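Open the model in your viewer and keep the selection panel handy. We will go from a strand to a set of charged side chains, one stop at a time.

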Amino acid sequence: MQRELAAPAPAAPDDGGLPVLPELAASFAEAAGRTAPEPVGGAPALRAAARGYWERRGLWTDPEHVVAAPGGQPLLLALLAAVGGDVLLTRPSAAWYAPLARLVGRPAYHVPVPAECGGVPDPFALLETVRRVRAEDGEPRALLLSGADDPTGTTAPPELLHEVCEAAVAEGLLILSDETWRDTVHHPHGTVLLSPAEMRPEDVVVLTDLAGAFTPPGWPAAVARFPATERGVELRERVLSTLDAVRAVPLPPVAAAAAHALDEPEPVRERTAAAARAHGAVAAAAYRALTAVGALCRPPQAGRQLYADLDELRGGLAARGITDSVELERELTRRLGRPVPGGHRFGDAPHTLRVRLSTLPLLGTGDQERLAALAAADPLRLPHVAEALTAFETAFRELTRTGPRPTGTEGSPLP
């Protein structure tokens, strides 16, 4: 078995996201005059806020076991450097995982996900991959998973997550649990979402990028929770050393806003719940549009994305000159007028016909439209949301329509 060395290009980011909560903006502005840098790993106030956040979710946490950093990427980079050895990822997985592993010289191997969800590997495929890596003199040490997943927008059933965790720990793997999208579940009363740290507290590092549910993407902040063990203490110290070497510390205004968000006052809780409902509504509508044209897609349960597989439509797409995810990405980006990253960016082979689709543009293109979508009892009834969904459905219906793509008088494809 060969290591996967080809790096998918970073997927194009979404725009600035939802409007900033006034309370977060006030916290940011209040700290804007601070000139002293934040300490490496985060100030006590930010780490205490992270402790409260996790304890409200059933995870006892000591602030001394918490590390804060300016975003999920530098924090995961430091984690991978500290753990050492080979890392196992799901296929598909978030676009930024594999490049970070390569950046610190850690071989990364992808393991396929089960049929019911993304974010966690099939447990039997995990064991087989570990066996094969070791047979080739590899040294697998970490499994990076996500119970609420980007790119598939699904959540892992507790029984499956438990089986995966038991298999990983039995093979001596440290579990890195990316829980960035934990607080974006579309129907929280109908979805049971657990953290691997609830099952194997001594064997799990939890990573949460606040851009998933709490802060704007332009205010990078992330926190990690380490096991309360000797191994966890040593790992945390190595992570702090790496962050210190590159001065990867949160900016004071961002740290203040992040601490306020993690305290979860009522406005923050209301915004989080409203965003999850709105994204869930448009995601369900987009899912219906995709399946209506014959695409395969797991029902979205969390986050703001769907992952569509158009392989069943390969014949018709080939007649239009689309035979892989690179060409599919290019064509859908043109048709929808926004980035639509192909599956090759998430660890899938380029010959597949898969894409990740963001639900954020379906809520509107400006602050007022998106705020209206959050406030609406039924966002689908809003004219701008209905128009965006119609354009989405039309793009896929026209793309997947049978028959060759029409050409102009000069033989060139029509737009």
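Before the first stop, one cut-off is needed: a residue counts as buried when its relative accessible area is under 20%, as exposed when that area is over 50%, and as partly exposed in between. Keep in mind, too, that this is a predicted model.

**Stop 1: strand S10**

Select residues 354-358, which make up strand S10. How many of the five residues here are buried? Four of them are, so the strand is largely enclosed by the rest of the structure.

**Stop 2: a link across the sequence**

Next come the salt bridges, of which the model has 24. Select Glu 264 and Arg 56: they form a salt bridge whose closest N and O atoms are 2.7 Å apart. Where do the two residues sit? Glu 264 is in the loop between helix H9 (252-263) and helix H10 (266-292), while Arg 56 is in the loop between helix H2 (44-55) and strand S1 (66-69), so the pair ties together parts that are 208 residues apart in sequence.

Colour the two by accessibility and they fall into separate classes: Glu 264 is buried at 10% relative accessibility, whereas Arg 56, at 46%, is partly exposed.

Then widen the selection to include Arg 57 and Asp 183, because salt bridges link these two with Arg 56 and Glu 264 in a network.

**Stop 3: one turn of helix H5**

Move to helix H5, residues 123-135, and show Glu 128 and Arg 131. Their side chains meet in a salt bridge, with 2.6 Å from N to O. The two residues are three apart in the helix, which means about one helical turn separates them. Glu 128 is partly exposed at 34%, and Arg 131 is partly exposed at 49%.

**Stop 4: Asp 244 and Arg 247**

Finish by selecting Asp 244 and Arg 247, whose side chains meet in a salt bridge of 3.0 Å from N to O. Are these residues buried or partly exposed? Asp 244 has a relative accessibility of 39% and counts as partly exposed; Arg 247, with 45%, is partly exposed as well.

Notes:
Residues are numbered from 1 along each chain as its sequence is written. This is a predicted model: local features need pLDDT of at least 70, side-chain atom pairs count only at pLDDT 80 or more; totals for chains, interfaces and linings use all residues. Side-chain values use heavy atoms; hydrogens and water are left out. Buried means under 20% relative accessible area, exposed over 50%, partly exposed in between (1.4 Å probe, protein chains only). Helices (H or I, at least four residues) and strands (E, at least two) are DSSP runs, numbered from the N terminus. A salt bridge is a side-chain nitrogen of Lys or Arg within 4 Å of a carboxyl oxygen of Asp or Glu.
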